[in-house]
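Subject: Structure handover

Hello,

Here is the structure I promised to pass on. Please open it first, then read my notes below.

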Amino acid sequence: SIYEMAGNECCLSTGEVIKVIGFKINKLIASICENNEVSRFSAKVELPLNFPGLYKVVADKTPYVSIEEITTKVSIGPKRFVHPCFYSPEDIKLANFTIKHGEQITFNSVEEVNRTMVVNCGVVRNNRSHSFTLPLSHEGKFYECEDDQIYTLKEIAEWKIPKCRSRTVKLSNTFHSWDSSNLLPENFDGCLILTPVYEVQAVMKLRKEIVHILSDLDVEVKDITEHYDTSSFLQPLSLEDVFERTSKEFPVAAEIVEGPSGSHKTSSLMCTGKEIIIYKKYQATRVLASEIRTDSPKRHFLIPMSYKGKFKRRPRIFPTAYDLEVARNGKEQLHVVATKAFDSPHIELFSVSVGDQFLIQQCQTREVFYEGRKTLIDVLACEKILSDTYKKVLLPMYLEGGFVEVIHDKKQYQLSEICKEFCLPFNVKVSVRDLSVEEDILAAVPGLQFEEEITDSYLLVSRANRPVDLWEIPVYRVSMSVHLLSKDVQAAVPPVTKATVEEISEEQYYMVRRYENQTLHPPPRPPKMPT
């Protein structure tokens with residue numbers, strides 16, 4: 001049989017032995033449906049996995065009939081965000097626990113306990129987690145719970161499409177870097193029914209690269225696993241597989257089986273067939289920063305703590321009085337100018353005019369009259385700056401106006417100083433570029449907002465023939481496969497590790513914010529105007 005691989009025709013000869021190492025979704029066929037309905041006349045488009053945008057998964061209305069069916073068709077742990085949730089329309093009585101009908105059950109992992117395969121599950125009641133196991137043999141209807149997360153198309157293909165089923169998604173947000181007008185209708189607001197097209201990933205004795213074979217290839221095969229020594233085949237590993245090895249197993253020599261795709265800076269250096277040394281695995285802190293601009297798209301960066309440039313502060317913008325309360329700290333007094341007028345409905349509180357200047361004090365609770373009755377509301381105590389004095393005033397916390405920070409601090413800061421002394425988000429511009437690198441990509445950006453600190457996973461790598469040139473490879477943002485070599489590697493790590501600023505795409509930005517810092521919780525909503 002003849003098939004196409006990377007634009008070239010390839011041939012599978014009769015009697016050739018191949019080892020299947022995995023199945024992967026190659027592309028998605030999307031049926032465009034309006035009003036959540038699809039008909040035989042609905043348009044269909046072919047979407048690549050890197051098609052940009054954020055999507056919300058629509059819960060599947062078709063039930064699963066057993067725990068075993070769920071485990072065979074749905075991705076379940078241990079990777080991040082692969083803990084699906086289901087509910088049963090009936091109570092499930094266990095030995096010392098009863099799962100109520102409609103209660104959300106989180107499926108965490110599958111393991112063998114006393115020679116019985118079970119799923120480790122959990123439910124949350126009254127803010128307390130309860131753990132239990134369900135055997136794969138348990139039968140009963142289970143429905144998917146609604147998922148409030150948003151995903152990229154690639155993430156949905158990897159984790160959120162059950163085997164032998166399609167997946168309905170709703171477009172939540174498009175990325176500005178992609179013109180989707182030729183694929184999706186203009187201002188599209190309906191749903192897409194995604195049907196996966198799979199490919200078989202395999203290795204062959206006379207090939208060093210991974211062979212990708214479309215699942216609809218017309219060829220007959222026979223399973224000879226039990227009669228063949230499969231250890232003689234290449235054993236490709238992803239970067240995630242390498243990172244899961246213990247620290248004592250490093251350094252290791254490896255050959256690149258499938259180089260990274262995309263525009264990452266390592267793409268041109270880590271070509272297929274090259275030998276590399278992987279010295280160690282580690283986690284490092286980065287500051288996630290975005291370009292300050294009113295139009296789109298914005299540029300996004302991951303900045304290492306070793307960045308040697310210096311920054312000066314830039315004014316922050318606060319849309320509400322609540323944001324002023326969140327931003328203030330005990331080290332300096334926050335000074336702002338109002339950019340939008342506000343008429344207070346309470347005689348006890350102050351009305352704001354454009355140009356008013358305030359020094360922010362603290363949050364208080366005050367009793368005010370509203371529509372003829374007394375009510376308690378949160379207020380922000382401030383000092384209004386007059387020509388030669390100060391006036392104490394109270395602003396309602398729900399005030400939706402606009403304020404711009406007045407900067408008195410002319411000091412230049414290192415990145416580590418900003419993270420230590422101030423709360424993020426924080427606005428800056430580069431005042432002294434990093435002279436240790438040939439090109440500082442941050443120096444040309446007129447303004448940056450430091451959004452948050454994240455912890456990222458890296459492998460420290462060099463080419464085998466040039467151990468002095470080191471690269472940090474982000475494990476979860478570079479897709480490549482390697483084959484470990486049985487070569488002795490000198491244990492000493494080269495002394496200088498240069499961490500560089502990494503510019504990331506809009507898609508990667510959303511992924512980083514969601515996955516790399518899972519302990520981050522959104523702030524509470526600003527208090528509303530009393531009703």
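Which residue does the side chain of Glu 472 meet in a salt bridge? The partner is Arg 286, at 2.6 Å from N to O. Keep in mind that this is a predicted model.

**Salt bridges**

The whole structure holds 21 salt bridges. Start with the one just named. Glu 472 lies in strand S31 (residues 466-474) and Arg 286 in strand S20 (residues 275-291), so the pair ties together parts that are 186 residues apart in sequence. Both Glu 472 and Arg 286 are buried.

A second bridge joins Arg 313 and Glu 405. Their closest N and O atoms are 3.1 Å apart. Arg 313 belongs to strand S22 (residues 310-313) and Glu 405 to strand S28 (residues 400-405), so this pair ties together parts that are 92 residues apart in sequence. Again, Arg 313 and Glu 405 are both buried.

The third one is local. Lys 73 bridges to Glu 69, with the closest N and O atoms 3.0 Å apart. Both residues sit in helix H1 (residues 67-73). They are 4 residues apart, about one turn of the helix. Lys 73 is partly exposed, because its relative accessible area is 21%. Glu 69 counts as buried, because its relative accessibility is 15%. The cut-off that separates the two is 20% relative accessible area.

This pair also belongs to a network. Salt bridges link Asp 60, Glu 69, Lys 73 and Arg 165.

**A sheet of six strands**

Next, look at the open sheet built from 6 strands. Their order is S6-S13-S7-S10-S11-S12, and the pairing is antiparallel. Strand S6 (64-66) and strand S12 (128-135) are the edges, each pairing on one side only. Neighbouring strands are turned by 45 degrees against each other on average, direction ignored.

Inside the sheet, 7 bridges join S10 to strand S11 (residues 116-125). These two strands run antiparallel. Thr 106 stands opposite Gly 122 in S11.

**Aromatic rings**

There are 11 aromatic pairs in the whole structure. One of them is Phe 86 with Phe 107. It is edge-to-face, with 5.2 Å centre to centre and 65 degrees between the planes. Phe 86 is in strand S7 (residues 85-87) and Phe 107 in strand S10 (residues 105-113). The two are 21 residues apart, and the pair links distant parts of the chain. Phe 86 counts as buried because its relative accessibility is 0%. Phe 107 counts as buried at 0% too.

Tyr 87 and Tyr 143 make a stacked pair. Their centres are 5.6 Å apart, with 20 degrees between the planes. Tyr 87 lies in strand S7 and Tyr 143 in strand S13 (residues 139-144), so the pair ties together parts that are 56 residues apart in sequence. Tyr 87 counts as partly exposed, at 29% relative accessibility.

Ring pairs also link Tyr 64, Phe 86 and Phe 107 into a cluster.

**Charges over rings**

Which residue lies over the face of Tyr 64? Arg 165 does, at 3.7 Å from the ring centre. Arg 165 is also part of the salt-bridge network described above. Elsewhere, Lys 280 lies over the face of Tyr 282. Here the distance from the ring centre is 5.1 Å.

Over to you.

Best wishes

Definitions and conventions: Residues numbered from 1 in each chain as written. Predicted model: local features only at pLDDT ≥ 70, side-chain atom pairs only at ≥ 80, totals over all residues. Heavy atoms only, no water. Phe/Tyr/Trp six-rings, centres within 6.5 Å; stacked < 30°, edge-to-face > 60°. Buried < 20%, exposed > 50% of the residue type's maximum accessible area, 1.4 Å probe, protein only. Lys NZ or Arg CZ within 6 Å of the ring centre and 35° of its normal. Pairing = 2+ DSSP bridges. Axes fitted to C-alpha atoms, helices over the stretch in contact; angles between N-to-C directions. Salt bridge = Lys/Arg side-chain N within 4 Å of Asp/Glu carboxyl O.
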